[in-house]
Amino acid sequence: MEAVPRMPMIWLDLKEAGEFAFNAAVKKSAVSVPRDFEGCSTLRKYLGQLHFLQSRIPMGHGQDAAVPVTWTEIFSGKAVTHEDIKYEQACVLYNLGALHSMLGAMDKRVSEECAAGAFTYLRDHFPHSYSVDMSHQILSLNINLMLGQAQECLLEKSMLDNRKSFLVARISAQVVDYYKEACRALENSETASLLGKIQKDWKKLVQMKIYYFAAVAHLHMGKQAEEQQKFGERVIYFQSALDKLNEAIKLAKGQPETVQEALRFTMDVIGGKYNSAKKDNDFIYHEAVPALDTLQSVKGAPLVKALPVNPTDPAVTGPDIFAKLVPMAAHEASSLYSEEKAKLLRDVMAKIEAKNEVLDQFMDSMQLDPETVDNLDMYNHIPPVLMEKCAALSVRPDTVRNLVQSMQVLSGVFTDVEASLKEIRDLLEEDEAQERKLQELLGRVPPAPGSPPGLAEVSKECSKYLELHEKASFTNTELHRAMNLHLGNLRLLGGPLEQVRAALPTPTLSEDDKQVLQNLKRILAKVQEMRDQRMSLEQQLREMIQKDDITTSLVTTDRSEMKKLFEEQLKKYDQLKVYLEQNLAAQENVLKALTDANVKYAAVRKALAEVEHKWNTTVQTLVASYEAYEDLMKKSQEGKDFYTDLEGKAAKLLERARAACQASEAHRQQLLERELKKQPPPRPTAPKPPLQKKPLDEVGGPEVAELGSLVLSELPEELRSRPPELLPGPLGQLPP
């Protein structure tokens, strides 16, 4: 992107120290540190000196010199006390990680890896029972949050440095992976109960970030496709980025304005890219747009790691202020043994994580959820949302009748309006016809003074009402169509529940199909059992390592025998390692069996999916019909009000039309009489021989020819009663 919008980061509060019988000046400087990197340095020095003190004086749990150590638990605010110097070390280490997280959330966006390192060391080297905020679940959550935010910082720098699109996409995909791990921890019911109120805020932010950085990853995959001139792939990646960003926007409700601005900026970038790519492909390249799932998934590139913590590093701790108290040999040997245990744990965890990654990818590709793999039980009941609608209609038995009656009334008023407007139009057309006929008889006669007013206004108003009627007619038709669409569903919902149940689709499975389902569920249960056992063995191993303290043995062991002692002590982990190896080895066979079962399940799965789709569609259609009822009634009433008003106006206009047409007819009669009075009386002449009838076109003159199609019977009554010789002009030549 042309610029890099920033998302807010999560940072942790520092614990507050209470009672600890230690030098007051040292204690104060260690717990009231400034919120900067100097404070981190102070905490590291204090932590190192505590380790030096522990190696010389028996201040651990149950030891002679143990004193009460009190710190405030973060989430509950309660004071927690243990008589164990390691509790003091653990709390200082927690504050070191929290302070690094606080600094990492600032503008410079650094030190997230240090925070992850502090929490990792705390999780792997200290008991988890000290307090809730230092439990295994909370520390694992903190680690994934810090790694995710560290990777997020790296992503920002990579985009600012204009790194290659594919690399940026992989870095962003790894941000998503870290946040998904954090989200899984946040969704764990035990973790949620430990975090309390803050869990919802963290979960909402992390979920939003998952979709946001997935959108960034697909944006850069689209840019890579553009660089490779794969224009079809470019379209689908940009479309996927747009879809994921829309999900992030939905989840960002309630987030601060800085988040909204970042989302709007990113929407401008991705939306522009997608529209341009789609337009180019539609009109220029015409490449087929592949389905997203047919393209290779973006594999994350973990380029950050938890920085290791060495509490006794002299470059950090400074001089050992307890160096003269006891020899360092036992402490050094204990540190070496701790490193051997850590190496053993790292080796085992590398194997577990590799197998877990394969298992997670396999299960994601299968898309099999043990809880809903057959979902047959849902077909035995009417869904609650539908039951709610049925119950609502059961107390309103006149629903359908009211709707039908309302629409019938609307149709009646509609018909009355249409009839009135038609009569007005017919009157106007008849008047126009009479006017034309008069002009044909007398030729063009200019309007005489006192001609009847009102017809033009009537015609204008009629046109306006006809236009309104035509527009409303379309709405009326649509309203009737909608009513017919929903009427049957409303009758069904208002009827017996047995009929509603019968209207919902249900799957039909053979005995073989049921056997396939049972087999698949059995193997899925095996997969879950394997997961649970693996987690249990891992937890047992961690607890054994935490409790494994051979300091007493080291004090009494010669330096030359240390290596042999280590080997003997580490044998206690062999049995657990064997169990873990067996568990990991069984995964291949379990997944092979699951693959075979899934192949047989494919046809059943397709059939169940089709039925479920029909079920959901039917339920949604019925619910939509219920929800459409009130809208139909409202629009029907609005239609009745409109047409009632229009009917009144049309009736008044009809009366005006009749009156105007009568006035117009009278006016025409006056014009005819006036025209007749203008003709001079006939002169007396000698008798003429009888006239011979000739065709009017032979009588002469264009006026006679124009009247060739008329007869005397078509004249007005006043003219028909006169002798032909008294009729004006060519009218005297008309045949009877």
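Student: Helices (H or I, at least four residues) and strands (E, at least two) are DSSP runs, numbered from the N terminus. How many helices and strands does the protein have?

Tutor: There are 23 helices and three strands. Before we go on: this is a predicted model, where local features need pLDDT of at least 70, side-chain atom pairs count only at pLDDT 80 or more, and totals for chains, interfaces and linings use all residues. Residues are numbered from 1 along each chain as its sequence is written, and side-chain values use heavy atoms, with hydrogens and water left out.

Student: Got it. What share of the residues count as buried?

Tutor: Of the 736 residues, 42% count as buried. Buried means under 20% relative accessible area, exposed means over 50%, and partly exposed is in between (1.4 Å probe, protein chains only).

Student: And how much accessible surface does the protein have?

Tutor: About 40,600 Å², with 53% of that belonging to carbon and sulfur atoms. Those areas come from the Shrake-Rupley method with a 1.4 Å probe, and for residues only the protein chains shown count as cover.

Student: What comes just after α12?

Tutor: Glutamine 367, which takes a positive phi of about 55°. Most residues other than glycine have a negative phi.

Student: Where else does a positive phi turn up in a residue other than glycine?

Tutor: Asparagine 162 is one of those, with phi near 55°. Look for asparagine 162 in the loop between α5 (136-160) and α6 (165-187). Glutamine 229 has a positive phi too, near 60°, and sits in the loop between α8 (198-227) and α9 (231-251).

Student: Is asparagine 162 buried or exposed? And glutamine 229, buried or exposed?

Tutor: Asparagine 162 is exposed, at 66% relative accessible area. Glutamine 229 is exposed as well, at 56%.

Student: Which residue does arginine 542 meet in a salt bridge at 2.9 Å?

Tutor: Aspartate 124, with that distance taken from N to O. The pair links distant parts of the chain: arginine 542 is in helix α17 (residues 511-547) and aspartate 124 in helix α4 (residues 112-125), 418 residues apart. Arginine 542 counts as buried at 8% relative accessibility, and aspartate 124 does at 18%.

Student: What other salt bridge does arginine 542 form?

Tutor: One with glutamate 538, the closest N and O atoms being 3.2 Å apart. Glutamate 538 is buried, at 16%.

Student: Which residues are linked with them in a network of salt bridges?

Tutor: The network is made of Arg123, Asp124, Glu538 and Arg542.

Student: What does glutamate 152 pair with?

Tutor: Its side chain meets that of lysine 209 in a salt bridge, 3.0 Å from N to O. Glutamate 152 lies in helix α5 and lysine 209 in helix α8, so the pair ties together parts 57 residues apart in sequence. Both are buried.

Student: Last one: where does UniProt place a "coiled-coil region"?

Tutor: The unreviewed UniProt entry places that feature at residues 414-444 and 520-547; such annotations may be inferred rather than shown by experiment. In the model, residues 520-547 are 100% helix and 0% strand, with the end C-alpha atoms 41 Å apart.

Conventions. A salt bridge is a side-chain nitrogen of Lys or Arg within 4 Å of a carboxyl oxygen of Asp or Glu.
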